[in-house]
Amino acid sequence: MSRPEEPLLDAVDAAQSEMIDFTRELVAIPSENPPGNEYARCAGAIAKKLSEIGLTPRVIEVPAPRLGESPGYCVTASYGEGERALYFHGHYDVVPHSVEGQFDPVIKQSNLLGRGSSDMKSGLASMVFAIQALRSVRARLNGRVELVIVPDEETGGERGTAWLSRSADFGKGGIGMMTAEPTSGVVWNANRGAISLRVTVKGKPAHVGLSCQGVNAFERMLVIARELEKLKTEIELRETAFPVRPRAARRSILMMGGECRGGSNFNVVPESCSFTVDRRINPEEDAETEKRRLLDIFDRLRSDGIDHEVEILQEGSSAGLPEEHPLARTLAQAVESVNGKPPAFEMCPGLLETRFYAQRGIPALAYGPGILAVSHGPSEFVPIRNIRDCAAVYALVAQAMLAE
């Protein structure tokens, strides 16, 4: 006896070669961020594919947030009708290449290699062809699938989701959201929040022989770093209750020095030094409280005579969805139907664009074909079979969540 989902799965299988070709087409476009290369070209390729499968795409130009930067281009499309909406969300920007040839996608054995193959252009292909499968079987839906594809995910979303989320229509009618990030076979049902800063410490230059006449910005920077080190020691005693591997990754995070700059020469008292601070906040912590604790340290040291400026680079809230939520259960059932076993649920160790939907009260999850451990690396790849399987999962979830 055939299963009710077989026609949908057959439709996904019929499009498998097209999925691979589309993933390769996207990987070949060097949509690196920063700085935001080839955004218009990549958005155009996505819109063209959506038109080919019978959708009516909309390309939204987002103004450049800073002088000298290029605009962003978001692509949206819809399948079905009604107030209820299940959002398929993804990004097409990729981190800069680390070795030559990463934008020349190749297939080796059962894997597709190239920058963005894992994070997350294969996921885009899975979502697009999940919708094509729904269309090809004329799935009757009580609502619609809303496809939202954006740039700028790698740098906070100012030309993408952060900009879209300021509209009153963002997430309208949403009963759920899924994003095809490289989750390595698990479901991410939670993510950390973040506040990322750049601290620039001011001094006064002088020749080393007359260093008594200068003010050493580096030494002042060390004073600030030592105060932050005290906070770091305290917060790393906290752990989230959400599963995440390895166990040590459950600790709350404060990282200093991801980027450091300063000085002009070995024999000159440094006039300016800067360093970044990246505070990653577990779902159980209050983001505003943690932000205030950081800023209070800077305010206190400024009043003590340490001249410095603080620039906020990004802010994002944490989010978490119980495994018992209907969307989580539906996704788990779909994964088990396709892969033969239910997925584990874990917290994403970083920031996710699920946060923008969670802020609107929309349940949001991440599940994609890619592998986190190879994403952003010199040998980034995605198993080809995963692209097909992810498309099948997304199609089954849409059919179940939007059942008449």
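Tutor: Strand 10 and strand 11 (residues 272–281) pair in the antiparallel sense over 7 bridges. Two strands pair if DSSP finds at least two bridges between them. Helices (H or I, at least four residues) and strands (E, at least two) are DSSP runs, numbered from the N terminus. Within this pair, Cys260 stands opposite Phe275 in strand 11.

Before going further, please note that this is a predicted model, in which local features need pLDDT of at least 70 and side-chain atom pairs count only at pLDDT 80 or more, while totals for chains, interfaces and linings use all residues. Residues are numbered from 1 along each chain as its sequence is written, and side-chain values use heavy atoms, with hydrogens and water left out.

The pair belongs to an open sheet of 4 strands with antiparallel pairing, in the order 10-11-9-12. Strand 10 (253–262) and strand 12 (308–316) are at the edges; each has a single partner strand, so one side of each is left without a neighbour in the sheet. On average, neighbouring strands of this sheet are turned by 15° against each other, direction ignored. For such values, axes are lines fitted to C-alpha atoms, for helices over the stretch in contact, and angles run from 0 to 180 degrees between N-to-C directions.

Two helices accompany the sheet. Helix 6 (residues 217–235) lies across strand 9 (193–202), strand 10, strand 11 and strand 12, and runs at about 10° to strand 11. Helix 7 (residues 287–303) also packs on the sheet, where it touches strand 9, strand 10, strand 11 and strand 12. The direction of helix 7 makes about 170° with that of strand 12. Contact here means heavy atoms within 4.5 Å.

For comparison, consider how helices pack on one another. Two packed helices are described by the angle between their axes and the distance between the axes. The axes of helix 8 and helix 10 (residues 384–401) come within 9 Å and cross at roughly 135°. That makes helix 8 oblique to helix 10, since angles under 35 degrees count as roughly parallel, over 145 as roughly antiparallel, 65 to 115 as roughly perpendicular and the rest as oblique. Helix 8 passes helix 10 in a right-handed crossing; a crossing is right-handed if the near helix is turned clockwise from the far one by less than a right angle, and left-handed if anticlockwise.

The contact involves residues of helix 8 including Leu327, Thr330 and Leu331, and residues of helix 10 including Val397, Ala400 and Met401. The residues of this contact of helix 8 with helix 10 divide into 12 nonpolar, 3 polar and 2 charged. Here Ala, Val, Leu, Ile, Met, Phe, Trp, Tyr, Cys and Pro count as nonpolar, Asp, Glu, Lys and Arg as charged, and the others, Gly among them, as polar.

Thr330 lies in helix 8 (residues 326–339). At 14% relative accessibility, Thr330 counts as buried, a term for under 20% relative accessible area, with exposed meaning over 50% and partly exposed in between (1.4 Å probe, protein chains only). Neighbours within four places in sequence aside, Thr330 is in contact with Val397, Ala400 and Met401.
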